[in-house]
Amino acid sequence: MLKILKYSFYDLLRSKWTLIYFLFFLLITQGLLYITGDEAKTIVGLLNVVVILCPLIATVFGTVNFYNSREFTELLLAQPLKRRDIFIGQYLGMTLSLSIGYFLGVLIPFVIHSITYTVDYSVLSILLFVGVFLTFIFSALSFLISLITDNKIKGFGLSILTWLLLALVYDGMQLFLLSMLDNYPLEKISLVMTFLNPIDLSRVMLMLKLDMSALLGYTGAVFNKFFGSSFGYAISLSALLIWTVIPVYFINRISMKKDF
Amino acid sequence: MIQFQNIYKSFGKLEVLKGVSAGVDGGGITAILGPNGSGKTTLIKMLLGMVYPDKGEIMFNGKPIKKEWQYKNDISYLPQIARFPENLTVTELINLIKDIRGGTPNEQRLIDLFDLDSHLGKKIKHLSGGTKQKVNIVLAMMYDNPVIVLDEPSTGLDPIALVRLKDLVLEERAKGKNILITTHIMSLVEDLSDEILFLLEGKVYFRGTIPELKDFAGEDNLEKSIAHLLEHKHAENIKV
């Protein structure tokens, strides 16, 4: 598996898209730090970019890359290799190259910033962590969708739709539900709903770390109490992990049965 | 060495293979023939574990290949369509396969044979169809394996390369290897094959040597014999 991972990784690292992704985050982080001059504000600004953009880029990149590397996959399938190693290796190679682009793009400006100012690395590390997790989750989802759908256009459409549902539609639905039922105590429901969507979960995890829970009213207090505890933190982490493991499990399972 | 046992396969509603049984053993070249869509490539891909049969089993060296992958170390496979990662150079691609398979391949001899030296530094996407096919042949044949599977090896090759390919295949046969080949070029079949496996409507319709096929069809030329088989496919006397 390591050999496949290595080749996929190098192939993508050399492609200009990973570089553009890296430069994008480098510029936006540097720009925000420069404009606001304040790391907390920069992280809030980045938060909105990260929770929407990391999933979107992972989705687009995952789909395009899967269909583009079909030849490579077919070449590998005829070699003495386990199918699991071929597909998981390619998935990890792609996800790692994207993650590194994001990670360094955000980290480098902060490190430069820390020469003259103090930087709270605990909040920054959560931002980095959440972005990397979202990349892993959405790459896996788009990889899985592409594996199931042989038709390129259909696969691309379905992947984007998945992103749209989780990034935008889900929030709208949640808001609609909460305003419909606002006579009832909804803290628990909204807590559960947050856990069912990795984007929401990431956003909440970071907002609470930034001490902005006061903005969320009573629900914020409940959230703060829950996420502030080590139990809540462990649960959030497990939820993100489950969101990664389940699609990867299905990638493995479906690739074992598919005809090429 | 290779046994296909009662293989069935359909893609959606299309039944491609309907109970194919055949064995290959003891060295020599077997040509798998049949009209377009008769399941030649499907059968070959099954041997490589790229397509799974709906029913039936494939044995390699007496063991079922289901869920196995190590046996592929003994097979040199030339895919029908030469599709490679476009951004790699020829050298990188050769190194990739060497890295995966390990061992000691003899690629330089083949590079010289097909005059590929000047193309080694080029990216795959800048190669012509014929050159790609030559690279394909180098990748497939650089290892010394007891089984060679060639799916349409002549595609896009110029006459000189074709002659060299023929010599190469005959050389491998002389070493006692089992070689499976599919092609639509009848002259290639006549020059190379020891035996013919003719697939029609999902079944093995004829199996035997070229003289036997000519006898069977009552024609004195191979091309006509094949045409005869296709025209009189209702004939029931299947010889296996």
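**Exercise 1. Which residues line the second largest cavity, and how much space lies in it?**

Solution. Start with the residues. A:Phe66, A:Ser69, A:Arg70, A:Thr73, A:Glu74 and A:Phe260 form the lining of the second largest cavity. The model is predicted: local features need pLDDT of at least 70, side-chain atom pairs count only at pLDDT 80 or more, and totals for chains, interfaces and linings use all residues. Residues are numbered from 1 along each chain as its sequence is written, chains are lettered from A and ligands numbered from 1 in the order in which they are written, and side-chain values use heavy atoms, with hydrogens and water left out.

Next, the term. On a 1 Å grid over the protein atoms alone, a cavity is a set of points where a 1.4 Å probe fits but cannot get out; lining residues have an atom within 4 Å of a point.

Then the volume, the space filled by probe spheres set on the points, with grid points joined across faces, edges and corners. For the second largest cavity this is about 50 Å³. Helix 4 of chain A gives the most to this lining, three residues. Helices (H or I, at least four residues) and strands (E, at least two) are DSSP runs, numbered from the N terminus.

Last, the classes: two nonpolar, two polar and two charged residues. Ala, Val, Leu, Ile, Met, Phe, Trp, Tyr, Cys and Pro count as nonpolar, Asp, Glu, Lys and Arg as charged, and the others, Gly among them, as polar.

**Exercise 2. Where does the salt-bridge partner of A:Arg70 sit?**

Solution. Find the partner. A:Arg70 meets A:Asp150 in a salt bridge, 3.7 Å from N to O. The rule asks for a side-chain nitrogen of Lys or Arg within 4 Å of a carboxyl oxygen of Asp or Glu. Now place both ends. A:Asp150 is in the loop between helix 6 (121-148) and helix 7 (152-180) of chain A, while A:Arg70 is in helix 4 of chain A, 80 residues apart. Over all chains the count is 19 salt bridges.

**Exercise 3. Which elements line the largest cavity?**

Solution. Take the volume: about 130 Å³. Of its 14 lining residues, A:Leu75, A:Gln79, B:Tyr77, B:Pro79 and B:Ala140 are the closest to the centre. Helix 4 of chain A and, from chain B, strand 6 (75-78), helix 2 and helix 4 (129-141) each give two or more residues. The lining splits into nine nonpolar, three polar and two charged residues.

**Exercise 4. What is the strand order of the open sheet in chain B?**

Solution. The four strands run 2-1-4-5, with antiparallel pairing. Two strands pair if DSSP finds at least two bridges between them. Strand 2 (14-24) and strand 5 (63-64) of chain B are the edges, each pairing on one side only. Eight bridges join strand 1 (residues 2-11) to strand 2 of chain B. B:Phe4 stands opposite B:Ala22 in strand 2. Helix 1 (residues 40-47) of chain B packs on the sheet and touches strand 1, strand 2 and strand 4 of chain B. Contact means heavy atoms within 4.5 Å.

Conventions
Axes fitted to C-alpha atoms, helices over the stretch in contact; angles between N-to-C directions. 1 Å grid on protein atoms, 1.4 Å probe; cavity = no way out; pocket = protein on both sides within 12 Å on 5 of 7 lines; lining within 4 Å.
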